[in-house]
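Subject: Structure handover

Hi,

Here is the structure you asked about. Please open it alongside this email; my notes follow below.

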Amino acid sequence: MSMTDQPLRADRDPAGLTLWVTGGAGFIGSNFIHRHIAAHSETRFIVVDCLTYAGNPANLAGVDDLPNFAFRRLDIGDAAAVDAAADEDRPDWIIHFAAESHVDRSIHGPAAFVRTNVVGTFNLLETARRLWGQAGGHFHHVSTDEVYGSLGDSGLFYETTPYDPSSPYSATKAASDHLVRAHHRTYGLPVTITNCSNNYGPRHYPEKLIPLMILNCLNRKPLPVYGQGLNVRDWLFVDDHCDAIWEVACRGRIGETYNIGGDCELRNIDVLHRLIRVVAEETNAAVSKLEDLITFVPDRPGHDLRYAMDFSKLHHELGWSPKETFESGLRKTVQWYLANPEWVADIQSGEYRNWVDRQYGGRVKP
Ligand code: NAD
Ligand code: DAU
């Protein structure tokens with residue numbers, strides 16, 4: 001049977017199964033656990049994470065005491081360790097979030113991206129192949145719109161758009177997507193892939209645009225905009241992404257790729273103006289004082305101009321569309337950062353500070 005002959009809505013029920021959620025201590029992975037674990041008490045969720053600077057056990061507070069939750073500290077770059085852990089846990093499904101995820105870090109140090117995103121994904125695929133053989137199992141791979149490269153002023157990315165990654169990050173995610181597809185076509189591994197646009201929401205590590213700008217507004221620090229702030233991203237609230245992943249993992253067609261997007265294209269400078277307004281309203285601050293913090297800094301090398309997703313396949317086959325608007329999602333996000341000063345303080349006292357000094361030290365004068 002060719003992949004396009006596969007039946008639509010191939011339901012897979014995770015009740016009674018064990019899921020490995022790799023990268024489940026990071027931003028999207030932890031939100032995925034918060035979003036789905038309580039409603040699926042008959043499914044065992046094992047977070048598999050080595051806890052890099054971006055992995056934070058505090059992201060799992062409130063769910064880590066549930067009886068169907070477990071945590072396994074594991075580096076997916078270590079093939080033998082992945083194999084041994086899989087033999088103990090016997091996961092039925094692997095939902096694969098773990099990655100080095102920050103484009104700017106990939107420019108400073110690409111090696112870690114090759115190791116985790118390419119070798120780590122390969123290790124998981126090989127373990128899954130050995131564990132599951134021809135019988136069952138499911139591997140869902142979480143990927144990004146950045147594999148498609150950059151759009152001009154018009155057009156959209158489709159699942160059929162040729163890959164054209166610009167950064168070491170997106171090149172390694174592209175490589176991982178190819179490996180996942182190859183394991184399906186060559187070995188029959190049951191896989192699905194999603195490629196999603198920019199997420200924002202609670203527990204987002206403050207090296208990325210939206211959480212960085214929220215915290216710098218709150219701390220009255222410069223708001224560093226790359227170039228002229230004209231680059232366009234398509235924003236999606238993280239819960240919407242987590243729902244889409246769940247739908248595709250349970251009902252997506254095996255071997256298929258689904259684009260996920262927010263239908264919310266914004267220039268970076270416009271994101272910032274809207275964010276400033278929400279922070280000002282939530283903290284009784286003057287908009288003009290926050291606007292004064294905007295600081296244009298040299299552009300990111302190889303900076304993709306524009307991303308925009310066609311997600312009609314996901315919408316038509318599985319009925320998914322984003323629920324949150326940018327306005328409501330952004331307000332929830334700002335409120336979460338205001339309500340969680342301890343989470344913020346713990347991050348700012350550690351690795352985050354070192355990164356900010358390396359990335360912006362010579363360019364933004366506080
Ligand atoms: P994140 O950086 O917040 O979290 C990554 C997690 O992976 C961390 O918990 C980290 O400890 C873990 N990890 C890293 N290397 C590991 C290793 N070698 N072994 C085990 N664990 C390891 O990332 P995120 O923003 O939550 O992204 C999750 C996934 O979603 C990634 O695959 C990313 O490419 C994809 N994605 C992200 C976005 C976005 O806007 N953030 C959009 C589309 C797709
Ligand atoms: O598109 C999906 C991707 O979105 C994910 O695959 C990545 O994991 C995720 O990090 C994100 O990548 P981006 O590079 O788009 O996100 P980032 O938040 O780093 O930057 C968003 C835009 O804002 C981008 O055009 C660069 C710009 N920017 C970013 C930072 C950190 C600034 O202008 N100033 C900044 O300080």
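D87 and R130 pair their side chains in a salt bridge, with N and O 3.2 Å apart. Keep in mind that this is a predicted model. The bridge ties together distant parts of the chain: D87 belongs to helix α2 (residues 79-89), R130 to helix α4 (residues 111-132), and 43 residues separate them. D87 counts as partly exposed, because its relative accessibility is 36%. R130 is partly exposed too, at 42%.

The whole structure holds 24 salt bridges. Two others are worth a look on screen.

One is R35 with D243, at 2.8 Å from N to O. It also links distant parts of the chain, with R35 in helix α1 and D243 in helix α7 (residues 238-251), 208 residues apart. Are the two partners buried or exposed? R35 has 36% relative accessibility, so it counts as partly exposed. D243 has a relative accessible area of 13%, so it counts as buried; the cut-off for buried is under 20%.

The other is E317 with R253, where the closest N and O atoms are 2.4 Å apart. Elsewhere, R277, E281, E282, E327 and R331 form one network through salt bridges that share partners.

Now the ligand.

Ligand 1 has 29 residues around it; I28, D49, S101, Y169 and K173 come nearest. Two of these make polar contacts with oxygen atoms of the ligand. A polar side-chain atom of D49 sits 2.5 Å from a ligand oxygen, and one of Y169 sits 2.6 Å from a ligand oxygen. T116 contacts a nitrogen instead: an N or O atom of the T116 side chain is 3.0 Å from a nitrogen atom of ligand 1. How much of ligand 1 does the protein bury? Taken alone, the ligand exposes 840 Å², and the protein buries 96% of that.

Which elements supply the shell? α1 (27-36), β5 (138-144), α5 (168-187) and β7 (198-200) each give at least two residues. β5 gives the most, with 3. By type, the shell has 14 nonpolar, 11 polar and 4 charged residues.

Best wishes

Key: Residues numbered from 1 in each chain as written. Chains lettered and ligands numbered in written order. Predicted model: local features only at pLDDT ≥ 70, side-chain atom pairs only at ≥ 80, totals over all residues. Heavy atoms only, no water. Near = heavy atom within 4 Å. Polar contact = N/O pair within 3.5 Å; in protein donor to acceptor, adjacent residues only side chain to side chain. Areas by Shrake-Rupley, 256 points an atom, 1.4 Å probe, with all protein chains shown as cover. Helix = DSSP H or I, 4+ residues; strand = E, 2+ residues; numbered from the N terminus. Nonpolar A, V, L, I, M, F, W, Y, C, P; charged D, E, K, R; others polar. Salt bridge = Lys/Arg side-chain N within 4 Å of Asp/Glu carboxyl O. Buried < 20%, exposed > 50% of the residue type's maximum accessible area, 1.4 Å probe, protein only.
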